[in-house]
Structures are given as C-alpha cells and as structure tokens.
Amino acid sequence: MDTKKKNMKIIIFGASGAIGSYLAKKYLSDKHEILLFVKNSKSKKKLIKLLKLRKIDNVIIDNISVEKKNSIIKKINKHSFFFQESNLIINAIGDLGEIKDIVNLDLKKFEKTLKINFISNLILLQKILKLKKNNKRLSIFLFSGGGVTSTRKNFGSYSISKIALVKLVEILSNEINKKFIQINAISPGIIKSKMIDITLKNKELVTKEELKKIKRQSSSSDKTLIKLYDVINFLISKKGKMISGKLISSKWDNIENWDKKKIEKLSTSELFSMRRVQ
C-alpha cells in the first residue's frame with residue numbers, strides 16, 4: 001500500500017526506540033499527522049534531532065510513563081481528539097526484563113516487566129476503545145517477541161509477558177467490531193536495539209545457539225525494518241484489513257505477497273494464533 005495516497009493520523013508509542021523511530025521517520029516522510037510518545041525529555045530531544053524535525057512538520061511529541069496507569073490515562077485524555085480520529089496506533093514500547101532462570105527471578109523486576117509489556121497495553125486498549133465512538137477505521141499493532149513461539153532459556157519475564165500480550169490481541173479481536181477495528185501482534189525479527197545490547201552484555205546467560213542467531217540476523221536490521229514497514233502498510237490496506245487477532249512474523253511470513261484466497265483462509269481460521277500442535 002502506498003500510504004502517501006491517504007493522509008492518516010498516526011500514533012506511535014516508544015517513538016525513540018529502534019522500531020518506533022524508524023516508523024516515525026517513514027510516516028513523517030509520507031506527510032501524515034503524527035503523535036509520538038517517548039519516555040522522557042532526554043528521549044524527546046534525541047528524537048527531534050534524529051527526525052530532523054522542522055516547525056512546519058505535522059508532529060506532536062509528548063512524554064509518557066507506561067508503568068503508571070495515571071500517566072497513561074492523563075496523556076490519552078490530553079490528546080483525546082487525536083486518539084478519536086486516529087487511523088493507526090503502534091505501540092513499540094517493550095522491556096526485556098531480567099535475564100535469569102525463573103526459580104531465581106526477582107519478583108519486583110518481573111512485575112515491572114509485566115506492567116510495561118502487558119498491563120500498560122491493556123490499559124491503553126481499554127481507554128482507546130472506549131474513546132472511539134465514530135465509524136472511522138482504526139488499525140492497532142502491538143509487538144510480540146522472541147520466546148512467544150519458542151522456549152528461550154533465562155528469558156522467562158519477557159516471554160511470559162509477551163505471551164499474555166499475544167493472547168490479549170487474539171481475545172480482544174473476537175470481542176470488537178472487526179469492521180471498524182483491526183488489531184494484530186507482530187513479531188518483527190531481530191533488530192539492533194537496546195534489548196540486543198543488554199542481551200549481549202549478559203551473554204553468559206544466553207545459549208550459544210541464540211547468540212549465533214543474534215549475530216547473524218542483527219546484521220540485516222535495516223532490511224528487517226523495511227520489511228516491517230511494508231507488512232504494516234499491507235495490513236492496513238484494502239487487501240489486508242480483514243486480518244485481525246493474529247500473531248504475524250513480518251520477517252518470515254511474507255504475508256504481503258499472499259493471494260486473496262490464502263488471506264481469506266487466514267482471516268477465518270485459527271492459523272497464526274496460539275494453539276496446541278496436533
């Protein structure tokens with residue numbers, strides 16, 4: 001889909017991170033109205049410099065603390081009109097959590113990871129969907145991560161919180177009106193980011209196989225980000241808009257190249273959802 005053909009109101013949470021900043025830059029170049037959320041003033045300054053923002057650019061940047069419910073609600077209320085009129089919401093905020101075996105996890109740190117990766121998304125979705133009273137179509141994309149469909153030793157905090165998030169997407173999709181709201185979880189693949197840096201600093205707790213995978217795939221981060229952008233644009237297009245409640249790998253599924261018959265099968269089946277393998 002060529003997003004330049006349609007002016008959209010786009011909201012991106014975690015806009016100063018690797019994924020958020022890339023998508024913000026792409027949609028800014030496509031001339032859309034954009035609302036960006038970052039962690040703090042330092043992140044805001046960094047993002048303004050990265051995006052090379054000008055006064056004429058149609059961009060709003062605000063701080064948010066997703067660990068605090070009041071902060072989330074306050075910011076949504078502040079920008080309520082933008083949320084009500086938005087076409088696309090992307091939440092790229094995530095926390096890797098403590099890298100440690102489950103038996104020895106610090107429960108306070110685990111609770112923090114759950115708050116950031118799961119609870120904050122639940123609060124956001126509840127508030128956003130209650131605000132939406134018009135029939136303007138809205139697409140929402142959240143991010144899954146490594147460990148949802150595989151077992152990552154010592155990454156229990158991250159994996160468990162992301163599994164909960166994927167299941168939330170699946171259940172919510174069945175409860176809302178799919179004619180007007182689309183929601184999916186996307187697994188973007190390995191991208192050079194703060195999470196990768198933290199993982200490599202704790203390489204003694206990471207399996208040799210995973211380290212090899214990180215080193216091999218992180219070298220193609222630019223291609224992975226381009227693929228992610230293309231997949232999001234496909235999903236919000238006329239051809240992909242029927243797909244909702246799914247866990248999609250933007251790197252490996254090649255869903256943007258599927259034909260109509262295959263897409264219809266996906267949208268009406270349990271494919272790309274969390275089920276037992278029989």
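Let's start with a pair of side chains: Glu210 and Arg152 form a salt bridge, with their closest N and O atoms 2.3 Å apart. A salt bridge here is a side-chain nitrogen of Lys or Arg within 4 Å of a carboxyl oxygen of Asp or Glu. Glu210 sits in helix α8 (residues 208-217) and Arg152 in the loop between β5 (138-143) and α6 (156-175), so the pair ties together parts that are 58 residues apart in sequence. Helices (H or I, at least four residues) and strands (E, at least two) are DSSP runs, numbered from the N terminus.

A word on the source: this is a predicted model, where local features need pLDDT of at least 70, side-chain atom pairs count only at pLDDT 80 or more, and totals for chains, interfaces and linings use all residues. Residues are numbered from 1 along each chain as its sequence is written, and side-chain values use heavy atoms, leaving out hydrogens and water.

Are the two partners buried or exposed? Glu210 is buried, at 13% relative accessible area, and Arg152 is buried too, at 16%. Buried means under 20% relative accessible area, exposed over 50%, and partly exposed in between (1.4 Å probe, protein chains only).

Now look at Glu170, which forms a salt bridge with Arg275 at 2.4 Å between the closest N and O atoms. Glu170 lies in helix α6 and Arg275 in the segment after α10, so this pair ties together parts 105 residues apart in sequence. Glu170 is buried at 8%, while Arg275 is partly exposed at 40%. Arg275 also meets Glu270 in a salt bridge (3.4 Å, N to O). Together, Lys167, Glu170, Glu270 and Arg275 are linked in a network of salt bridges.
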